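Subject: Structure handover

Hi,

Here is the structure for you to pick up. Please load it first, then read the notes below.

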Amino acid sequence: MLSASPYTRELINNKMGKYIILRLLQTVFVLFCLSLLIFFIARVMPGDPARVALGPLATREQVQELREEMHLDKPFFVQYYFWFISVLQGDLGKSLYTRRPVTTDLKEFIPATLELMIFSFLISLIIGQVMGVFAGYFRDSWFDNLFRVFSYIGIATPAFAIAIFFLLIFSYILNFAPAVGRLSLGLKPPPQISGLLILDSLFARQFNTAFEAFKHVLLPATSLAVANIAQEGRITRSSIIANLQKDYIIAHIVYGIPMRSIIFKYLLKPSLIPTVSIMGLDFACLIANAFLVETIFMWPGFSRYGVIAMLNKDLNAIIAVVLIIGVAYSLMNVIVDIIVSFLDPRIRLQRGGI
Amino acid sequence: MMPLLEIKNLHVQFRVFEGELKVLNGVDIVISEGEKIGLVGETGCGKTTTMKSVLQVLPTPIARISTGEIIYKGRDILKMRPNEIQNLRKGEITAIFQDSLAALNPVFTIGQQLCDVVKYSSRDGDRNYLSKKEIISRSIAVLKETGMPDPERILKNYPIQLSGGMRQRVCISEAISIAAKLLIADEPTTSLDVTIQDQVLRLLIRLVEKKNMSIILITHSLGIVRELTNRVYVMYAGNIVETVRTKELFANPLHPYTRGLINAIPRLTGEGISKGIEGRIPNYLNPPAGCRFYPRCEYRMTVCLEKPPPLFTTGDNHGIACFLYKE
Amino acid sequence: MSKKKSFIATLSIGRYNLSRAWYKFSRNPLSVFGLIIFFLIIFVAVFAPYITPYPEHAGAYTNFREASKPPSLTYFFGTDSIGRDIFTRVIFGYRFSLILAVVVLSLSIPPGIILGLIAGYYQYTWIEVTIMRITDIFIAVPPLVLALAIAAMLSPNLFNQMMAISFVWWTWYCRLVYTMTISLCHEDFVYEAKLIGASNTHILLREILPNCVAPILTKMTLDMGLVIIVGASLSFIGLGVQPPKSDLGTMIANGARGLPTEWWAAVFPAIAITLIILAFNLVGDGLQDVFAVEEV
């Protein structure tokens with residue numbers, strides 16, 4: 001199978017490669033249709049976006065001028081055509097609210113949300129999976145019961161409610177972590193390399209700033225992570241419990257493989273598979289809930305930008321936001337599918353891999 | 001000669017929501033070196049539970065051993081410390097399971113699992129693992145012993161890629177790579193089709209004889225037992241009801257249950273359809289106080305209700321748990 | 001996995017299954033607890049005007065003398081910034097949540113099921129392709145985001161909120177039923193029905209659909225909680241019920257302004273929302289136990 005042909009040709013010949021490429025193409029197509037849908041809804045809704053943008057004091061001529069500029073008087077497909085061409089050139093239009101190109105807004109706000117999500121993901125991964133494994137292995141112990149109660153509440157509480165509770169308890173009562181924004185006033189942010197404050201501060205050797213930034217991201221990230229910890233932890237837990245009963249674990253024990261090896265290798269891998277499958281969906285919830293958590297913590301992020309755009313009927317921004325979320329979510333799903341294929345040979349073989 | 005394994009008066013209970021299931025009600029089994037024992041009984045009579053008790057893999061919060069002793073080479077397993085039990089698993093007692101697909105971890109290759117078994121069982125003392133090359137060559141050797149074609153390729157395969165017969169051979173390889181003295185085979189061929197069954201069983205017996213192992217062959221097929229074992233233990237509802245040399249069992253079955261079983265074997269000659277045994281296995285929640293076969297027995301007596309019959313021994317080492325044969 | 005039954009078999013099992021279902025459900029005390037809370041909330045919400053201490057506070061009412069009072073015996077949950085009793089408003093808020101859940105699910109489930117059945121049954125035709133591609137578009141984005149986008153474009157009120165969420169929600173049921181249908185429509189009993197000459201409608205509705213009921217029901221109860229969360233998120237931003245009425249989401253938003261000193265205005269509605277979602281989730285878990293095929 002491994003001949004000396006060029007890499008891409010090998011990839012296309014390989015069935016697994018074909019599967020991946022097929023998925024990606026499907027994703028592109030779906031996103032294209034998504035953009036059409038959102039565009040359609042945005043243009044079809046009641047109200048005049050130009051008027052809304054300029055405010056009630058603007059003159060009729062100014063409104064008309066803006067309408068022409070935004071091609072609002074042209075038929076639907078023409079408008080879409082103009083929009084599509086500019087997107088291909090990297091221009092997502094101008095935000096009616098911030099009056100800046102949408103791409104500038106995105107460049108400013110996406111890193112903030114990215115930082116939040118990375119932290120949230122790390123927290124839910126480390127805490128959630130560890131707790132899930134322990135709860136599953138020590139079933140019915142005090143730890144397990146505590147975890148189960150926690151997970152029920154964690155799933156049932158909406159993220160913004162959790163955010164409020166955390167704000168109250170940790171910020172105001174215990175004064176443990178700051179409540180607002182990414183960095184306290186008076187601290188100079190580091191030179192922007194990646195946009196991730198903590199990383200940039202570390203690069204610039206401003207350790208104090210890095211620590212402050214870390215404290216600021218702690219509460220919002222944990223609020224977001226709670227629901228995921230609860231859900232993914234539960235799935236890992238039940239997966240471990242189910243797999244402990246499986247005959248192959250008994251077989252491993254009988255053949256003398258030490259318990260340590262069994263738990264961390266032979267039990268862990270099959271138990272993680274259902275959890276990983278869910279992570280794609282959970283990432284979506286992360287983006288969705290980030291909307292509200294960012295509002296509460298006044299985190300200047302992409303999701304908050306999205307909410308404000310929607311409330312202000314800022315057309316270009318709304319479309320851009322929805323598309324980016326769509327891209328991220330679809331990509332995440334494809335990545336999760338690939339990871340699951342690696343973990344579970346049964347699925348991999350079904351898809352034509354090796 | 002001291003027996004290899006002696007199970008004495010084993011009582012095992014399972015705690016379930018409705019109460020306690022008294023599954024094993026005093027099981028006695030003796031096996032010597034090199035013996036081939038058959039453990040026969042219908043589904044649900046406690047054969048697998050007995051085996052799991054010996055291997056110490058009962059689901060412990062739910063199941064517990066209330067009384068009894070399991071004496072291996074003179075020492076009671078139930079009193080051993082965990083690391084001693086671990087030593088047993090690495091070099092003394094081994095097992096084969098019924099469903100080969102379930103007994104192999106689906107997300108790891110055959111090679112990974114087999115090499116791990118070889119690695120941990122060949123560790124002498126505390127430290128000395130074999131080198132990786134040696135482990136692989138040993139794994140290939142043991143696969144060849146079980147008649148696997150192209151062992152190198154098999155090592156890279158996943159369990160799902162192999163057929164049922166090949167998987168069972170892999171399980172047998174895993175079992176015999178441990179230089180054990182006792183092999184417990186729990187219905188090793190029940191899920192295979194008949195031609196493969198024959199092959200696998202013959203392979204098993206050949207290996208056992210070559211390595212001078214004892215084997216407990218658990219099955220519900222009298223045919224297999226008749227062909228391959230020296231001695232048979234017949235089990236019903238958590239008790240051993242009869243035990244004798246295999247030939248003697250088929251020539252002269254004494255216990256009513258055994259008689260029923262043997263009469264139920266369809267014959268090519270003779271009249272009509274063979275007769276089964278009426279009734280069903282007892283409810284383990286509230287088993288009868290006396291003999292558990294009482295409700296289905298043709299030869300019931302009042303004494304059978306009062307207390308469970310112990311295992312009487314007639315001449316020729318024929319054990320039988322029935323008041324009919326009380327001397 | 002559900003046990004696959006033909007039409008005839010389904011008819012005869014009905015009543016027997018109900019008591020058995022209750023037995024399985026009641027084995028888990030948490031599910032029973034959830035069920036009790038569930039009925040309690042429904043009861044309280046339905047009879048809200050009669051059992052709340054200050055029913056008039058639910059609408060337009062101001063009483064600045066009593067504004068922002070902490071929880072006490074007169075005002076169980078305290079008062080908000082205009083002087084309205086929060087306890088009463090929470091109970092009335094439950095009404096909106098329940099209405100939202102019921103309406104959204106009633107509107108989105110039937111079309112979703114029907115489209116899923118059709119798409120799965122007429123596999124490899126343009127019908128399936130169209131339906132499933134449309135579903136894919138909706139599923140490409142998390143439901144909250146899309147609902148948010150749509151709701152933002154309409155004027156904010158309860159009706160539009162419900163419409164926005166329903167518009168997005170049907171696709172999940174469509175996909176669920178679709179995946180079940182494509183595996184079921186190759187089963188023997190479907191072929192048998194075709195041989196007898198059963199119409200396609202009969203096959204879809206009477207043979208395939210009953211076998212999908214279990215996962216649909218489970219998803220439905222879990223979805224009730226999810227829909228309430230999405231609805232509350234929308235109201236939190238201001239896209240739901242408008243003042244002077246308010247549901248739990250808007251109450252939390254308004255109360256959040258008063259943090260940390262007037263904590264009761266935000267905390268109690270938050271606890272209330274958690275409680276109703278918890279109840280739905282527990283009941284959903286219990287239903288999963290009922291439908292799970294037990295191992296020996």
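Two strands count as paired if DSSP finds at least two bridges between them. That matters for the sheet described next. Note that this is a predicted model.

**Sheet in chain B**

Chain B has an open sheet of 8 strands, with mixed pairing. The order is S6-S7-S8-S3-S9-S10-S12-S11. Strand S6 (93-96) and strand S11 (312-314) of chain B are the edge strands, and each pairs on one side only. From one strand to the next, the twist averages 20°.

One pair to look at: strand S7 (residues 182-186) and strand S8 (residues 214-219) of chain B. They run in the parallel sense and share 5 bridges. Within this pair, Ile184(B) sits opposite Ile216(B).

**Chain C against chain A**

Which residues meet here? 33 residues of chain C are in contact with 39 residues of chain A. On the chain C side, five helices of chain C give two or more residues each: H5 (126-139), H6 (143-153), H9 (200-237), H10 (248-257) and H11 (264-291). By class, that side of chain C has 26 nonpolar, 5 polar and 2 charged residues.

**Domains of chain A**

Between them, 14 residues of domain 1 are in contact with 14 residues of domain 2. The domain 1 side of this contact divides into 12 nonpolar, 1 polar and 1 charged.

Best wishes

Methods: Residues numbered from 1 in each chain as written. Chains lettered and ligands numbered in written order. Predicted model: local features only at pLDDT ≥ 70, side-chain atom pairs only at ≥ 80, totals over all residues. Contact = placed C-beta atoms within 7 Å. Nonpolar A, V, L, I, M, F, W, Y, C, P; charged D, E, K, R; others polar. Helix = DSSP H or I, 4+ residues; strand = E, 2+ residues; numbered from the N terminus. Axes fitted to C-alpha atoms, helices over the stretch in contact; angles between N-to-C directions.
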